[in-house]
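Me: I'd like to walk through this structure with you, one question at a time. Please show it first.

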Amino acid sequence: MSIVKYIGVDDPDLDLFESQYEVPEGMCYNSYLISDEKIAIMDSVDPRKTTQWLNNLKTALNGQKPTYLIVQHMEPDHSGSVAALLEAYPETIIVASAKALQYLQQFNENLSAQTLTIADGDTLSLGKNSLKFIAAAMVHWPEVMVTYLESEQTLFAADGFGKFGVYNADPDDWACEARRYYFNICGKYGVQVATLLSKASALKISKICPLHGPVLEGEKLSEALRLYNIWSKYDVETPGGVLVAYASIHGGTKEAAEKIAQLLKEKGASKVAITDLSRDDMAEAIEDAFRMESMVLAAATYDGSVFPPMYYFLHKLSIKGYQRRRVGLIENGTWAPQAAKVMRAQLEAMKQIEIVEPVVSIKSKLKQTDLPALDALVNAIVKR
């Protein structure tokens, strides 16, 4: 029988995670209880769900008291109930990295607690079982530690291997919301994620317990490791895939985007996704941009620049580390098209971005005379 119990909570009423990412199914905040001669709690939860979490904890403790609270990550959705835990169980020892303990005071002024500082490679005996701590700086905060329970070959992975949604949301389709989560939460830190994967490869891991999303084991664990290896290296997950992302004011640019998406499908692109940057979920557009081999951007000119939804999309791609991709450009303008110039400048500030020629420039609405240029751009994209 496992010595690990799940005591996390769902937050199905949450509309925006981190006040920016749509979560139609809500979110879960995972926490675990490890029962041995000494009892360890793995992380707390968001203050929105403190009461429910403490009730889950009380039930799991069954009259006992916890010895340790392991704080792997100080972001408030995981440490927001630390003060409440200490009110209920004041003798609990907070175990965390030095930087995490610093942040703990920043989030909780005048918090009084017994603490134990741990560093990379340290171990903590619970009796018959021990926890090993592994530094995971910038996955995706600098204080992060992950924790390995060798006796059960279990890795408690902090925000690594997380996903959007409640605990049992879409159990057969982990990758969809895990991908959107990864590139929007951890995407900038591919190098650091790869470093953590390298450390983890030296361990025997049969189960990963993340702070968001389901526990991963068996085939799901293997698939998660495969995808994280691709994502952390900024490799292409869908070879031959193309994202068409457009920002249209009055519909002319949208028509051009829909036409090129049609041509891409007809000429053999393995997968084509199309997104309206003014209306669709921006986080999903970010996800698809990283997933696909190529991207076509279609945008209207606005105030002598580019229509703001496109500018914001490219800004988000930049700060998330978008790189090593091929991008085609379509601009629209009634009297002085400038969108392609602005988009090119934003893209050139990113790493290893190839601008695919020709750049297509239309005036107000797509016309028959524009089709050869669209056709040429499609040929240039699909030929590889």
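Me: At 42% relative accessibility, as what does Phe 107 count?

Reply: Buried means under 20% relative accessible area and exposed over 50%, with partly exposed in between (1.4 Å probe, protein chains only). At 42% relative accessibility, Phe 107 therefore counts as partly exposed.

Me: Good start! What kind of model is this?

Reply: Residues are numbered from 1 along each chain as its sequence is written, and side-chain values use heavy atoms, with hydrogens and water left out. Local features need pLDDT of at least 70, side-chain atom pairs count only at pLDDT 80 or more, totals for chains, interfaces and linings use all residues, and this is a predicted model.

Me: Which residues touch the most other members of the largest nonpolar core?

Reply: A nonpolar core is a set of buried Ala, Val, Leu, Ile, Met, Phe, Trp, Tyr and Cys residues joined through side-chain atoms within 4.5 Å. The largest one has 96 residues, and those touching the most other members are Leu 297, Met 310, Phe 313 and Leu 317.

Me: Which helix gives the largest share of this core?

Reply: Helices (H or I, at least four residues) and strands (E, at least two) are DSSP runs, numbered from the N terminus. The largest share is 8 residues, and these come from residues 174-186, helix α5.

Me: Why do the buried residues of α10 line one face of the helix?

Reply: Those buried residues are Pro 309, Met 310, Phe 313, Leu 314, Lys 316 and Leu 317. The way to check is to look down the axis of α10, using the directions from the helix axis to the C-beta atoms. The buried residues line one face because they fall within an arc of 155°.

Me: How far does helix α10 reach from its first C-alpha to its last?

Reply: The expected span of a helix is 1.5 Å times one less than its number of residues. Helix α10 (residues 308-319) has 12 residues, with an expected span of 16 Å, and its reach is close to that, at 16 Å.

Me: How many aromatic pairs does the structure hold?

Reply: Rings of Phe, Tyr and Trp (its six-membered ring) pair if their centres lie within 6.5 Å; planes under 30 degrees apart count as stacked, over 60 as edge-to-face and the rest as tilted. By that rule, the number of aromatic pairs in the structure is 19.

Me: What kind of pair do Tyr 21 and Phe 164 form?

Reply: Their rings are 5.9 Å centre to centre, with 40° between the planes, so the label follows from the cut-offs. The pair is tilted.

Me: How far apart in sequence are the parts that this pair ties together?

Reply: Tyr 21 lies in strand β4, while Phe 164 is in the loop between β14 (154-156) and α5. Tyr 21 is buried at 2% relative accessibility, and Phe 164 is buried too, at 0%. The pair therefore ties together parts whose separation in sequence is 143 residues.

Me: How many disulfides does the structure hold?

Reply: A disulfide is a covalent bond between the sulfur atoms of two cysteines. Here one is counted when a pair of cysteine sulfur atoms lies within 2.5 Å. The sulfur of Cys 186 is 15 Å from the closest cysteine sulfur, in Cys 28, and the sulfur of Cys 209 is 12 Å from its closest, also in Cys 28, so each is too far for a bond. The number of disulfides in the structure is 0.
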